[in-house]
2 protein chains.
Amino acid sequence: MEDVQLDEEQKHFKSICAAFFNYQVDSLRDIARMEKNFRSLKEKHLDLLPVPYTERISKLIDCVNKNFFFIVHIVHPHNDLFKCTKMPDGKLQIEALDVPYKNVSKVRSTLRQLVRDWSKEGQEERNMCYKPILDELNRLYPHPCVNDSRISVLTPGSGLGRLTYEIAKLGFKSQGNEFSYFMLLASDFMLNKADHIEQYPIHPFIHDFTNVLNTSEVFKEILIPDICPSDELPPDSDLSMVAGEFVEVYSKQVASWDCIVTCFFMDTANNIIEYIEVIYNALVPGGTWINFGPLLYHYADMGDAMSIELSWEEFKEVVRRIGFIISKEQFNESVYASDVNPMLKISYNCIFFTAVKPLDS
Amino acid sequence: MEDVQLDEEQKHFKSICAAFFNYQVDSLRDIARMEKNFRSLKEKHLDLLPVPYTERISKLIDCVNKNFFFIVHIVHPHNDLFKCTKMPDGKLQIEALDVPYKNVSKVRSTLRQLVRDWSKEGQEERNMCYKPILDELNRLYPHPCVNDSRISVLTPGSGLGRLTYEIAKLGFKSQGNEFSYFMLLASDFMLNKADHIEQYPIHPFIHDFTNVLNTSEVFKEILIPDICPSDELPPDSDLSMVAGEFVEVYSKQVASWDCIVTCFFMDTANNIIEYIEVIYNALVPGGTWINFGPLLYHYADMGDAMSIELSWEEFKEVVRRIGFIISKEQFNESVYASDVNPMLKISYNCIFFTAVKPLDS
């Protein structure tokens with residue numbers, strides 16, 4: 001990589017760490033706004049509340065502190081990216097962190113995605129989206145190790161790493177690929193540094209008071225992880241993570257993978273046709289592609305960003321024209337990082353298919 | 001109203017009309033962006049598309065033109081708000097319209113809400129949210145006219161007017177109240193100016209290509225209205241609409257209404273406690289409040305806007321402390337302006353309750 005590019009990369013990485021480090025300050029600012037709104041109510045309105053608002057505020061502060069305690073574990077190895085100044089009173093002060101709102105909300109959604117991938121409460125959601133994939137892998141490759149050589153499975157958009165981990169646990173050579181440092185930092189921590197089950201209590205739902213049935217839902221404590229990844233992985237397992245943009249990394253790896261699994265990934269493309277092409281080329285002849293997900297194109301409505309939005313009908317035709325044979329096609333309902341919110345249900349009718357790259361290709 | 005306030009009001013009204021008039025230009029700009037994205041694809045990618053992209057583009061332009069034809073009917077009485085210049089070639093050119101993105105998207109969502117309120121396709125959605133309310137009104141007031149005097153029903157947040165209209169059709173004195181000129185202009189048109197059934201073909205789904213199963217869904221034609229409002233209303237019916245902010249208009253109307261119906265309305269409050277209080281005061285002793293809706297507080301996350309977000313548990317307690325007796329409480333699943341999109345389902349578990357203001361209050 002060239003120096004300029006390396007500098008840019010380093011700057012980007014630092015800005016993500018800054019967003020994590022800023023979590024407490026950002027959250028307390030929001031809580032202060034909520035407190036101000038309550039304080040501005042007339043006395044007679046305040047008297048109508050079943051519980052004084054000050055109780056809500058102090059509970060929220062407690063939860064933010066617990067979340068921050070966990071978040072600091074993720075980023076503390078990168079403390080040295082930030083200048084610290086010793087103040088006259090002896091306290092250390094970190095350099096000012098300038099975090100755009102987009103990144104504030106990404107830290108918060110990382111907390112919610114931890115529920116999906118690494119909590120007991122996420123089991124139901126994982127059963128909806130990961131289990132069909134793992135079952136399909138078991139069906140396609142009943143023996144993931146053949147004569148000391150392993151079937152290799154790539155999971156682009158591996159997020160917090162649970163699916164990639166489960167694939168390794170089945171005995172496959174499993175590689176995750178992820179572009180977002182929010183995900184990479186958090187998945188690295190979960191996969192390599194979490195010591196024991198239910199080690200960290202977090203409160204991922206405190207940032208949203210809409211559609212709440214009972215106030216206790218907002219404060220719900222989630223214990224992560226539900227399993228200790230390092231304990232449960234067989235000693236000879238083969239699990240790796242690669243940082244970087246999918247097309248950039250894998251367009252150079254021709255005929256290299258036995259299987260590629262895309263789960264809630266295809267719609268992260270600027271150009272979905274290019275994704276399909278890279279998948280096809282990266283597979284060995286006879287290799288398989290398992291896809292599970294919606295078509296919620298991430299770059300639709302993103303100003304001037306390139307975005308090619310195909311319907312499933314068009315997507316499927318492109319898959320065929322590129323050379324795949326679709327061997328299985330169904331629709332499965334699934335949720336994504338759902339808040340287990342009883343008043344709001346968002347679910348996707350996901351496309352679940354297996355496509356084969358012909359042996360003679 | 002003071003002159004300054006009147007000026008502000010007039011300016012605001014003009015900006016909403018501008019958003020409607022700008023619909024075609026805004027939409028064509030988006031289509032041009034889509035075209036540019038497709039055009040930037042490599043030849044080999046373009047060849048993989050089942051249908052040339054130019055076909056999608058020209059279909060979209062057709063649909064935009066049809067939508068604009070309808071939209072112009074809504075706002076043409078307000079043409080004179082805008083300066084027109086005769087160009088050297090004899091064509092008229094309207095003054096430059098500066099429309100913020102928020103308003104661009106409100107015009108588009110008005111199109112989708114027309115499906116909810118005034119199309120055959122919206123019947124299922126109306127059965128979910130309006131029917132339980134109308135059934136409850138029939139149960140509470142089996143005789144909406146008593147000795148020449150009608151039971152009066154107010155629907156704040158009346159939107160495109162269908163619920164207010166259906167209540168009038170049952171024989172009640174029915175008044176809608178709405179703050180948004182987008183809604184007021186469109187509901188006025190539907191209630192008073194639509195001449196016959198299925199008069200206007202519109203294409204409300206063309207602005208979103210995410211989670212599309214078959215391309216034809218995007219281009220789906222909807223015919224509005226499903227009924228001719230003026231034909232079906234009995235000649236002695238009593239239906240009115242009042243423009244303005246709910247608290248501002250109705251806090252002065254003490255003990256004036258027999259029944260208040262709030263449907264997807266309570267969470268539009270900056271201060272939900274104030275809404276409850278105004279409803280209580282505006283009802284006659286013995287009057288009833290029927291509520292149906294989620295708690296998707298509109299002002300949550302709206303920067304520095306005042307927002308008091310209560311859970312249902314807290315909301316209910318405030319309702320009681322203000323003096324209401326809750327006579328019925330249930331949860332009903334409902335959607336809101338759903339796109340009949342087969343790949344994405346968003347549904348609300350709505351609170352459906354009836355509360356009574358005691359006779360001796």
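These legends walk through several close-up views of a predicted model.

The model is predicted, so local features need pLDDT of at least 70, side-chain atom pairs count only at pLDDT 80 or more, and totals for chains, interfaces and linings use all residues. Residues are numbered from 1 along each chain as its sequence is written, chains are lettered from A and ligands numbered from 1 in the order in which they are written, and side-chain values use heavy atoms, with hydrogens and water left out.

**View 1. Two chains and an axis.** Turn chain B by 180 degrees, shift it 0.0 Å along the axis, and it can be laid on chain A with an RMSD of 0.0 Å. The two copies are thus related as by a two-fold rotation axis. Copies are superposed here by least squares on the C-alpha atoms of residues with pLDDT of at least 70 in both. Which residue of chain B has its C-alpha nearest the axis? That is Ile346(B), at 2.2 Å. Both copies use the same surface, since 100% of the contact residues of chain B recur in chain A, where contact means heavy atoms within 4.5 Å.

View 2. A disulfide is a pair of cysteine sulfur atoms within 2.5 Å. By that rule, the count over all chains is zero. Take Cys259(A): the nearest cysteine sulfur belongs to Cys263(A) and is 12 Å away. Cys259(A) is buried, with a relative accessible area of 0%. (Buried means under 20% relative accessible area, exposed over 50%, and partly exposed in between, with a 1.4 Å probe and protein chains only.) Over in chain B, Cys17(B) is in no disulfide either, and the nearest cysteine sulfur, from Cys84(B), is 14 Å away. Cys17(B) is also buried, at 0% relative accessibility.

**View 3. Two cis peptide bonds.** Most residues other than glycine have a negative phi, and most peptide bonds are trans. Now look at Ile224(A) and Pro225(A): the bond joining them is cis, with omega about -5 degrees. Where does Pro225(A) sit? Look in the loop between β8 (222–224) and α10 (229–232) of chain A. Helices (H or I, at least four residues) and strands (E, at least two) are DSSP runs, numbered from the N terminus. Chain B has a cis bond between Ile224(B) and Pro225(B), with omega about -10 degrees, and Pro225(B) is in the loop between β8 (222–224) and α10 (229–232) of that chain.

**View 4. Two residues with positive phi.** Asp148(A) isn't a glycine, yet its phi is positive, near 65 degrees. You'll find Asp148(A) in the loop between β3 (145–146) and β4 (149–150) of chain A. Is Asp148(A) buried or exposed? Asp148(A) is exposed, at 82% relative accessibility. Phe264(A) also has a positive phi, about 50 degrees, without being a glycine. Phe264(A) lies in the loop between β10 (257–263) and α12 (272–282) of chain A, and counts as buried at 13%.

**View 5. Rings meeting rings.** The structure holds 52 aromatic pairs over all chains. Rings of Phe, Tyr and Trp (its six-membered ring) pair if their centres lie within 6.5 Å; planes under 30 degrees apart count as stacked, over 60 as edge-to-face and the rest as tilted. The rings of Phe246(A) and Phe265(A) are edge-to-face, because their centres are 5.4 Å apart and their planes are at 85 degrees. This pair links distant parts of the chain, 19 residues apart: Phe246(A) is in helix α11 (residues 246–250), and Phe265(A) is in the loop between β10 and α12. Phe246(A) is buried at 2%, and Phe265(A) is buried at 5%. In chain B, Phe246(B) and Phe265(B) make an edge-to-face pair, with 5.4 Å between centres and 85 degrees between planes. Both Phe246(B) and Phe265(B) are buried. Back in chain A, one aromatic cluster is formed by Tyr280(A), Trp289(A), Trp312(A), Phe315(A), Phe324(A) and Phe353(A).

**View 6. Lysines over rings.** A charge sits over a ring if NZ of Lys or CZ of Arg is within 6 Å of the ring centre and within 35 degrees of the ring normal. The charged end of Lys59(A) is placed over the ring of Phe219(A), 5.0 Å from its centre. Lys173(A) lies over the face of Trp257(A), 5.8 Å from the ring centre.
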